[in-house]
Amino acid sequence: MGKQIEIMIDGQQYMADEEQTVIQVILEKNLDIPHICYHEGLGAIETCDTCAVSINGEIHRACGTYVREGMNVLTNSSEVKEAQFKAMDTILEHHELYCTVCDNNNGDCEIHNTVRMMGMEHQLKPFEPKPYETDNGFFYRYEPDQCILCGRCVEVCQTVEVNETLSIDWELDQPRVIWDDNVPIDQSSCVSCGQCVTVCPCNALMENTMLGEAGYLTDIKPGILRSMIETTKNVETGFGPLFAVSDSEAKMRQDRIKKTKTVCTYCGVGCSFNVFTKGREILKVEPELESPANGISSCIKGKFGWGHINSEERLTRPLIREGDSFREADWDEALTYVARRFKEIADQNGPDSLGFIASSKATNEESYLLQKFARQVIGTNNIDNCSRYCQAPATKGLFRTVGYGGDAGSMEDIASADLVILVGSNTAESHPVLASKIKRSHKLFGQKLIVADLRKHEMGQRADLYIHPEPGTDLVWLSAVTKYIIDQGWHDQEFLETKVNGFHEYLASLSEFTLEAAEEVTGISKETMIKTAEMIHESKKTCICWAMGVTQHQIGSDTSTAISNLLLITGNYGKPGTGGYPLRGHNNVQGASDFGSMPSYFAGYQKISDQEIAAKFEEAWGTKIPTEKGLDNHKMVEAIHKGSLKAMYVTGEDMGIVDSHISYVTKAFKKLEFFVVQDMFLTDTAQYADVVLPASPSLEKEGTFTNTERRIQRLYQALPPLGESKPDWEIYKALANELGFNWDYSSPADIMEEAASLTPMFAGVRYDRLEGFESLMWPVAEDGRDTPLLYTEEFHFEDGKAKLYPLEYTHHYQTTEEYDFHANNGRILEHFHEGNMTYHTEGIEKKVPNSWIEMSKEAADELRIEEGAKVRLKNKAGETTGRIHISDEVTGKELYLPLNDNGKSAVNYLTNNTVDKDTDTPAYKEVAVKLEVLKEKGDSPLPLFNYRRGHRNPQPGVEVGRKWQREDYAFPGNEVKKNG
Amino acid sequence: MADKITSIKRMEIPKEKIRQDNLQEVLDALADNKDAMLETIRFFSLLHKEGNLAMINAMVAYQETIMGNVSYEFNRAENGTIIKNLFLLLDLLGMLNLSGVDQLSNRLTRQRMVEDKTYPDVEKVGIFDLMKALKDPEVNRVISILLLSLKGVGKNKDDKK
């Protein structure tokens, strides 16, 4: 916020902030001004010249001029009008107005609206086609003839997404947008985030799903369409009649195109969008400026990955196992059967012989209902969710040190930090929209970046300092850096004295973590650790983000604790731009735990062992609830093998693929007396079930998701459930009622009301406070005040002070002589997790049809194999085969196996039963294998049109200066003056 | 012991049942919109009576061909010009203040009638009379405006001042 100053606009006096541009003030005061390239989310681009205004007698672009005291702005003088008309003439030279037969004629075409607003009736320069073909990508197409070269797409790609693929080649005879160094879209480094399409002001960039679908007259054969365009142009006497027709047609479209706000179903960033549907067809997904987590950003999955919704493989009726096949049944039969079997098993073996798994894909309300079902209807605490596979250790580390199991702040804090440290997180692929915020701050605003990871992935390549630790040794270097900081006297003494307990005990525990010792264990040089400490010391605000590379180890909780300790020592909590951020992997993995699907907590992390709390729930639910901790995910599988767990109800979780040591897990499934799976598809897990209940995905229901920032957001129903599938909450309700309970929720809002009334953390969470794009970040006080930044006043412990938690390094995972390769594994950008949703989107399936095994050049040379070689990886847990992709992101004998495979390449044939000692999270990242070459070379597993083969073309932005230098360019404002 | 299975026996719903359900849905919709449906039936029966329904059906069936033909005709230069001129004429008609002219002529007629006058005899206007008339400030102003307009219309981008 800058100084307030006075300016005159069209003879009226206004107050403005001196950090604002003229156009910002004009728009803020709701005054009219034409503009096309200017976009609130992108700032001034200065390519279109339509926002020309007179400033103290001279014509300037309103978007590129900052306000100054006493400035006199005219938006309506004849010179101004003439300059604006001239600018628009140049635009229309590059863009043919055939609005009525254009798929972008939906009331929001910015060229159309600007021409109409200007009252322009004719163009003086006729339309000139460009000598370029249309580029049809898998997800979107570029039509050079319609492109006005406003450069918004370039700006968003270079400075918001920061994938650095698009640019404008201003020096071409006919400038155009190019991908990389001018290759087709699908051969470029484009990651298909779709943001260029979102910000395009016209129809030059459009989603393929819109083409021929949005308009009433757009699905016409190209030849006839061309004739109709010509006709329109021939007979038009001005834009007035043309617009009257096209505006009416645009309005008519609203009769059949529905726009619904939803929240993404993939990762934990929690992007929200408007989804445009026509019947069951999804026309497009459009992020909005007011989307709180993502703004105008999206990734390939959120923008284009919705093929699962209308997939022919969706289950549309309940299935009941009969002999060696499933039989479709109606709901009455399936529910009666499930209820009867649950009751029989509970009666015979006790309620603890049943186990329940909630879904991190489902809503908060559904998590709340399933744990209520387990506790109230069945009477067991055997309820868990997939955070056990990933995030439980991070939560543990935060519980130990600061008190709340969630991100300390919002993504805004990460974006505004001086220094961001990423540990064990391939953010650019696993949390792409968050990665973009970091990349933007790093590229434009001088933010520093340290990346500690086995792979030098995109974030590692961009980092100011890249650290490669030996697998599983992060705790050691983090502790050594912390010790070095204290040894240098760089710790935040005042913060520690006033806000933190246990400093001296903790300091004593650090004695073993000398730089020398750490260098030996981690393989990181002393200098690198010192450099890290210096960078933390030099920055006023540091954020640390971590993910599965930290948590999925036998010491995952301890390493998470070490991160939080480091932040406490340096005072990096409770201030904007600081804090610890365990990046949640699924859309609602945070909410699934928050709303009570955990073996030892009710909603809001209220302990089941606390008598007062238990009594509150018992009174509300009218039943006795057991106070002993239930079984977690991992222990449920063990209990099946032991014979004590007889029945399981797994919802929205493909445990048979995503759990570690899947041969052990699937053997357990076979032993179950009764197994119910609730899913959209007949997943690997569902194939073992006795009953499969067809559930509805996010677009077919209402509810809320909680993203990694603790942000609760509403999703609205865009489509009716497919076939006879049902939203999970309706299934739980029907089952509970079948078992004699009287659940009378009429909508998820009722469920949230009950959960909020029993959970202080969500006291003020109400649907009317979450309308549209509104959101709340927990804890939420009863009056609706939420908490974007935690710990500003105190930490979440009784005395309000944080705790330093002493640690030892107890375990050192290493490869052995026999199992000499380390098989690291994780996600890739295009597919979500194992891919059982994303493989249903045709474009994604084409770009990444299968998984692969990444290997370093040096290891390949040693084995004398080449790209496409076929290998077998083996260890005591099992074996898997796959094809090699040689990559410089991995080094030495460290391999990388993407998760997106449920066939023979599934990495979980190799993972075993070792778990984090504190939370039972499988140690997915501790996999040593031996490698057997089956074929020395072959076809690359990576298709030619995968972005990993492209070559980025970094630019500062659209580089409008190069346009201005062209001989054929003249600023309309100067021309007006000249002519005047 | 439950092995992994993938085959699904689909629920077979008899065709008759599907037909019955569909029919019921249509009947419900008809019943719920009785008045509108009766009006619609009357509308179609009128069209049918005049023999128009068959033509409309055929036009819908071949709409793409028809649109193609119409566009083709429209795009022929002479036809395009006719249509464009038609629109231009419409524009022009819209711009003319005919009611003003009408009023003016009415007033003039009325004035003449009131004053019981006819048009005076007009003498031949020679070249000197014309030049004299040009000096009349009112006539001069009109001529100047006309000349300026012509200059503006004929102005070329590259013309130097």
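The legends below describe close-up views of a predicted model.

**View 1. The side of chain A that touches chain B.** In this predicted model, 26 residues of chain A are in contact with 24 residues of chain B. On the chain A side, at least two residues each are supplied by α6 (222-235), β14 (319-322), β15 (325-328) and α28 (662-671), and the largest share, seven residues, comes from α6(A). By residue class, the side of chain A that touches chain B divides into 11 nonpolar, six polar and nine charged residues.

**View 2. Strand pairing between β15(A) and β1(B).** Strand β15(A) pairs in the parallel sense with strand β1 (residues 8-9) of chain B, over two bridges. Within this view, A:Arg327 stands opposite B:Lys9, a residue of β1(B).

**View 3. An open sheet of five strands in chain A.** The strands follow the order β20-β19-β18-β22-β23, with parallel pairing, and together form an open sheet. Because β20 (465-467) and β23 (579-582) of chain A each have a single partner strand, they stand at the edges, and one side of each is left without a neighbour in the sheet. Neighbouring strands of this sheet are turned against each other by 15 degrees on average, direction ignored.

View 4. Strand β19 (residues 448-452) of chain A pairs with β20(A) in the parallel sense over three bridges, and A:Ala452 has A:Ile467, in β20(A), as its bridge partner. Helix α21 (residues 526-538) of chain A lies across β18 (419-423), β19, β20 and β22 (542-546) of chain A, and runs at about 130 degrees to β20(A).

Terms used
Residues are numbered from 1 along each chain as its sequence is written. Chains are lettered from A and ligands numbered from 1 in the order in which they are written. This is a predicted model: local features need pLDDT of at least 70, side-chain atom pairs count only at pLDDT 80 or more; totals for chains, interfaces and linings use all residues. Two residues are in contact if their C-beta atoms, placed from the backbone, lie within 7 Å. Helices (H or I, at least four residues) and strands (E, at least two) are DSSP runs, numbered from the N terminus. Ala, Val, Leu, Ile, Met, Phe, Trp, Tyr, Cys and Pro count as nonpolar, Asp, Glu, Lys and Arg as charged, and the others, Gly among them, as polar. Two strands pair if DSSP finds at least two bridges between them. Axes are lines fitted to C-alpha atoms, for helices over the stretch in contact, and angles run from 0 to 180 degrees between N-to-C directions.
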